[in-house]
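Hi everyone, thanks for making time today. I'd like to walk you through one model, a piece at a time.

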Amino acid sequence: MVTLKTLSEITGYSITTISRVLNNDKTLRASEETKNIIKTIAKTSGYKTLQSKKTKQKSKASLYHRCCLGIIEPSNIQEHIQDPYYLYLKGFVEQECFNKKVETIKIQYDIKTEKYNFFPNKKVDGIITIGHFSLKEINDMTKITKNIVFLDCAPHDGNYSSVIADLQLGLKRGIDYLNSCGHKNICFAGPKTAPNIFKELEPEIKRIAFLEYTKEKNISESCFLLECERSTESAYEKTKNFIDENIKNLPSVFLAVNESVAVGILNALKEKNIKVPKDISILSYNNTVFSTFINPPLSSISIDSGFMAHTAVELAIKQANTKSFYPIQILTFPYITEKESVKKINKS
C-alpha cells in the first residue's frame, strides 16, 4: 500500500509538503515543477488522498441509488419449493440490494398472456434471474433490458452475463474428501436428468461427474447409484427401498445431489435404525443455513451463495452504468464444510 511516507522516500520531499500539495493547499509556497512531480508520482503509484476516496465512495453510492434491478424467478414456483437453495439465493440477492440501497422490483412471467408483469411499472436498469427459463421467456426478458445477469444457471450462447458454481469441481472435491476420510463405497443419490437453463432435460451434471471421477479414482466398482428426484419425499422412499435391497452390502456414505435429498436419506436411515454417521455417513451438496439445524448437522460441498449473489448484484449495477459492455461469466469454486454427518473410517 502506497503511503505518504512512501511518496516522501521516492520524491525526497517531506510528508507535510506532499500532503499539502495533494490536498491542493493554496497557502503552500512551492514551485509548479515541485507540485507536478509530486502529483505525477502519486498518480502513477496509485496513491489516493482521503478526499479522493470519499469522492469515489460517494460516486459509487450514487450509482447504487440510481439503479433499479428486477428479480425474475421461474413461473413454476414448485422448482424452488423442492430445492430451498434457490430461495436462499433470492434472499441473498434481496439483502445485497437492500444493503446497497438499490431498488428492486419483482418481475413475474404470466403464462396465460406470455408477458412479464411488474409493479411499479418503471424503467428497469438490470435483471437478475434465479432458476430455469424457456427460450421465449429469456427472449422476452431482453424486451425489458439487455442487462441480464443469470445467477446459478447460464445459457451457453455467450449473449448474457452469469455467475455460476463449478458443480463438477465441487463433486470431485467431495469425493476426494470422502476418500481422505476412508470412504470408498460411495452412493450418489439424485436424478439421472435435470433441467438446463431452457427447462430441457439433460444428464445431471453432478451424476456424470460422479461416474467419471470414481472411474478415474479406480473406485467405481465399489460405488452405488440411488436414483431419486431432487425432493425430500422422493429420496426418503427410494432410500428405504435401496436399504431393503442392499441390506447386506450398504455403502459407507451417501453423497446427496442437494440438501433436500440429504434430508430424505437421513429420515429413511433413522426409520431403519441406522445411525448417522456411526453406521452410515452423509455428504450433502449446497450447505444452506438449514443444514446446521439438522441432527446431525450436515457436512457439505458448499457453494457460497451469499458471495454469488453479491457478485451478481455488483455485476448488474456495473453493466447498468456502462454504455456498452460485453457479457462475462464468473465461475465460483465449491469447497468442503465439515460438520458432523461424515465419519472418518481411516484405518490406523
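I'll begin with the ground rules, then go through a sheet, a few helices and some single residues.

What we have here is a predicted model, where local features need pLDDT of at least 70, side-chain atom pairs count only at pLDDT 80 or more, and totals for chains, interfaces and linings use all residues. Residues are numbered from 1 along each chain as its sequence is written, and side-chain values use heavy atoms, with hydrogens and water left out.

Let's start with the sheet. It is open, has seven strands in the order β3-β2-β1-β4-β5-β6-β14, and its pairing is mixed. Helices (H or I, at least four residues) and strands (E, at least two) are DSSP runs, numbered from the N terminus, and two strands pair if DSSP finds at least two bridges between them. At the edges sit β3 (115-118) and β14 (329-332), each pairing on one side only. From one strand to the next, the twist averages 25°; axes here are lines fitted to C-alpha atoms, for helices over the stretch in contact, and angles run from 0 to 180 degrees between N-to-C directions.

Within that sheet, β1 (residues 68-72) and β4 (residues 126-130) pair in the parallel sense over four bridges. Contact, by the way, means heavy atoms within 4.5 Å.

Now a residue from that helix: is Glu 96 buried or exposed? Glu 96, which lies in α6, is buried, because its relative accessible area is 13% (buried means under 20%, exposed over 50%, partly exposed in between, with a 1.4 Å probe and protein chains only). Its side chain makes polar contacts with the side chains of Lys 100, at 2.3 Å, and His 310, at 2.7 Å. A polar contact is a pair of N or O atoms within 3.5 Å; within protein, one must be able to donate a hydrogen and the other to accept it, and residues adjacent in sequence count only if both atoms are side-chain atoms. Not counting residues up to four places away in sequence, Glu 96 touches Ala 309, His 310 and Val 313.

Next, a helix pair. At what angle do α2 (residues 15-22) and α3 (residues 32-45) pack? The angle is about 85°, with the axes 10 Å apart, so the two helices are roughly perpendicular to each other (that label covers 65 to 115 degrees; under 35 is roughly parallel, over 145 roughly antiparallel, and the rest oblique). Thr 17, Ile 18, Val 21 and Leu 22 in α2 meet Lys 35, Ile 38, Lys 39 and Ala 42 in α3.

Asn 267, found in helix α11 (residues 259-271), is partly exposed at 34% relative accessible area. Leaving aside neighbours within four places in sequence, Asn 267 is in contact with Thr 232 and Tyr 236.

Last stop: strand β12 (residues 281-286). Six of its six residues are buried, so β12 is largely enclosed by the rest of the structure. Strand β11 (residues 253-256) pairs with β12 in the parallel sense over three bridges, and Leu 255 stands opposite Leu 283 in β12.
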